[in-house]
Amino acid sequence: MHPKRKKRLIVVLAVVVLSSAGVGLVSYGLRGNINLFYPPADVVAGKAPVGQSIRLGGMVVEGSIQRSDTSLDVRFEVTDYAGTVPVKYSGILPDLFDEGQGVVAAGQLDGEGVFLAHEVLAKHDENYMPPEVAEALEAAGKKQ
Amino acid sequence: MIAEYGLFALIMALITACGLTAIPMWASFAGNGAGMNAARPLAAANFTFVAISFALLTTAFLQDDFSLVVVANNSNSLLPAFYKFSAVWGNHEGSMLLWILVLCAWTFAVALFSADLPQIMYARVLSVMGAIGVGFIGFSLFTSNPFARNLPDVPLDGKDLNPLLQDPGLIIHPPVLYMGYVGFSVAFAFAIAALLGGRLDAAWARWSRPWTNAAWAFLTLGIMLGSWWAYYELGWGGWWFWDPVENASFMPWLAGTALVHSLAVTEKRGVFKSWTVLLAIASFSLSLLGTFLVRSGVLTSVHAFAADPERGMYILVFLLVVVGGSLVLYALRAPAVNSGIRNAWLSRETLLLFNNVVFLVATLTVLFGTLFPLLMDALGQGKYSVGPPYFNAVFVPLMALLVPVMGIGPFTRWREDRAKRWMHPAWVSAVSALIAGALLPFLGQGFNVWVALSVLLAVWIIAGLWTDLRLKKAGSHAWWPVLRRQSASYWGMMFAHLGFAMCIISVTVVTQWNVEKDLRMSPGQTADLAGYRFEFHGASAITGPNFRGDEGVVTVTVDGRRVAELRPQKRQYVASGQIMTEAAIDAGFTRDLYVAMGEALGQDGAWSVRLHYKPLVRWMWIGATLIGFGGFITLLDRRYRRVSVAARQSPEELAHA
């Protein structure tokens, strides 16, 4: 083969190998690391998978927050007014977390329909509502 | 009247920008010298009008003119003066005006400092910059007018600036970041002008390179400041979240890093030309994409001020015009400026090509992760989120892949190198990296395979830099003349690579050895963390200029010896009622101690408290600063100065002739 062509071939091969490595990494990275969002109504209806990493969002039910006296364990309920899911979490809650406010939690459902959250996100200013929550509320409103 | 003058100045800026776009470009094709020469005064006028407009908006903020919608929504009479100043860009409209100011400042700087360019090139570069200006000034005027009035019901006081943005870091983070983001428009303009003229050579790369390096250095510092701000202001102790908006600034940086390296090859060796042009287009397009993602409200983040479909549409169309137009131009003209491969297999060109491919793949994987949720949502496949695990799994191995090449790149020759010359120093580097990797982790918490690996990689990079200096000294006795002989570009590379090595160690060590505890602490209670004893002494009420809150006291001791007293705060801002966590940090070269308060629990004065021990976390920002500093050092290179000196002399020489 002509040396110039050979060199070109090697460069092309290197690019192909590296981009395949990139694609491989991407598909590996995507496995189990992307979370689908479910509104409470879908969780109650049994549409959400158990034991898989998902996100749940809605409004925190008034009067539902229960704290432990000895640790940072906390329980609360999240609703989209078409369904309500109990959530368990251990840790510090975000500044704007409160009853009657929008919230998105990441975690897994256990067998009894309780959502075990490992991360709780609230909105980050007064006027902001997580879009997933806003849409879920809107969808639930239409169903009623 | 201030607002009306500001709006008038902005309209004048749009008109001058239109002139700057049309006249020099037309003249460059018609061969009209006067028209091309008009580029400079037009750029000056454009910058002046935008600067006036920006100064007037700033005045409105400082004077608490709540008849302006942006001032009423984002400021308050109780806000300290320097935050009133930074509140100018703490909102969508004002930050767009800052963006425009920075763009026009770059345009004017090019007009001032690149006067030695061939006339046609000079006119076209400024014309392209002017066109970008038209796009953004139009965006500001038509969709997000910063001077809109609240009439007739003028509020008595403003709604206050988002407390998260009331921070010294936020005074400098956006301007520095924008300098980088927008600065890539210069590289883009040079690329377009070169494509139009079909002239793509080493001289072109030499003109474009200092501008690109400067923009890249600003972007590096801007991202570093953002990371630092998130660390101490968000109260989570994290320094990088792979938040879509962080990615929006990171993608142009990755493409820009590839561009900076590829420009070096184009300047030194005259190859990779079309590739370099493509990267310049990509870097700026990714800046625009970032603007679109942040400003359209399609992403949720602290940076998304307000969702407005009209704005999103405007930027999307602008983005499509810029990307589409430049790619069409590239497709038409790039073959004309193509160059063959002229280097041997083992050469610095090959290694830099490898660097480019890795950075490009990294850019694409980050782009994919960022756009994936939008794509799935648009296809009706549900609402996904792609979290840090994806980005870490993909990005970290790619960056590690760079390091083997970084360790040999500096002492590999251009064009062709012999393995024989090259093998011995490579062996020495490899052995020292292995030894350091095996031993240095014991300075910390003992052997850890990831820490060992990061030390190995970092030392491999540093050993490569050291080897190069040693090879350069070979034959001479004294160090000083050797060091002095090296160019500014060379020192820039040294600093940047050193900074990268520091970042590798820091990111790994802080990830592996970070200790973090969320606790319920009553007054008098203690907690032990990585050999430090934290004692909580309770919290008491405090009052600030525009907030009330509680301040906790935590003392830290090691074996009974007092190390630090930390006073984290929980604030509630008066005007907005928003609650904010102010973390308290004892910063150190080898470790940070970080305390943040959650909320008051129960009756006994107990609080939820977050305690962190973060080893070497500062190295990350020091490293990133070194990288940015390296970029700035390259600007001092004599090659770039000589050109301008020659240009300044030329009129006299002409007069003598």
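Which residues are buried in α15(B)? S429(B), A433(B) and G437(B) are (buried: 20 or more other C-beta atoms within 10 Å of the residue's own, with C-beta atoms placed from the backbone). The model is predicted: local features need pLDDT of at least 70, side-chain atom pairs count only at pLDDT 80 or more, and totals for chains, interfaces and linings use all residues. Residues are numbered from 1 along each chain as its sequence is written, and chains are lettered from A and ligands numbered from 1 in the order in which they are written.

**View 1. Helix α15 (residues 419-439) of chain B.** Helices are DSSP runs of H or I with at least four residues, numbered from the N terminus. The cover over the buried residues of α15(B) includes α14 (388-408) and α16 (449-473) of chain B.

**View 2. Helix α7 (residues 119-143) of chain B.** Of its 25 residues, 18 are buried, so α7(B) is largely enclosed by the rest of the structure.

**View 3. Helices α13 (residues 348-378) and α14 of chain B.** Their axes, which come within 10 Å, cross at roughly 170° (axes are lines fitted to C-alpha atoms over the stretch in contact; angles run from 0 to 180 degrees between N-to-C directions). The two helices are therefore roughly antiparallel (over 145 degrees). Contact residues (C-beta atoms, placed from the backbone, within 7 Å) include F354(B) of α13(B) and F395(B) of α14(B).

View 4. K570(B) has T581(B) as its bridge partner. Among the 5 residues between the strands, G577(B) takes a positive phi near 75°.

Conventions
The expected span of a helix is 1.5 Å times one less than its number of residues. A residue is buried if 20 or more other C-beta atoms lie within 10 Å of its own, exposed if 12 or fewer, and partly exposed in between; C-beta atoms are placed from the backbone. Two residues are in contact if their C-beta atoms, placed from the backbone, lie within 7 Å. Two strands pair if DSSP finds at least two bridges between them. Angles under 35 degrees count as roughly parallel, over 145 as roughly antiparallel, 65 to 115 as roughly perpendicular and the rest as oblique.
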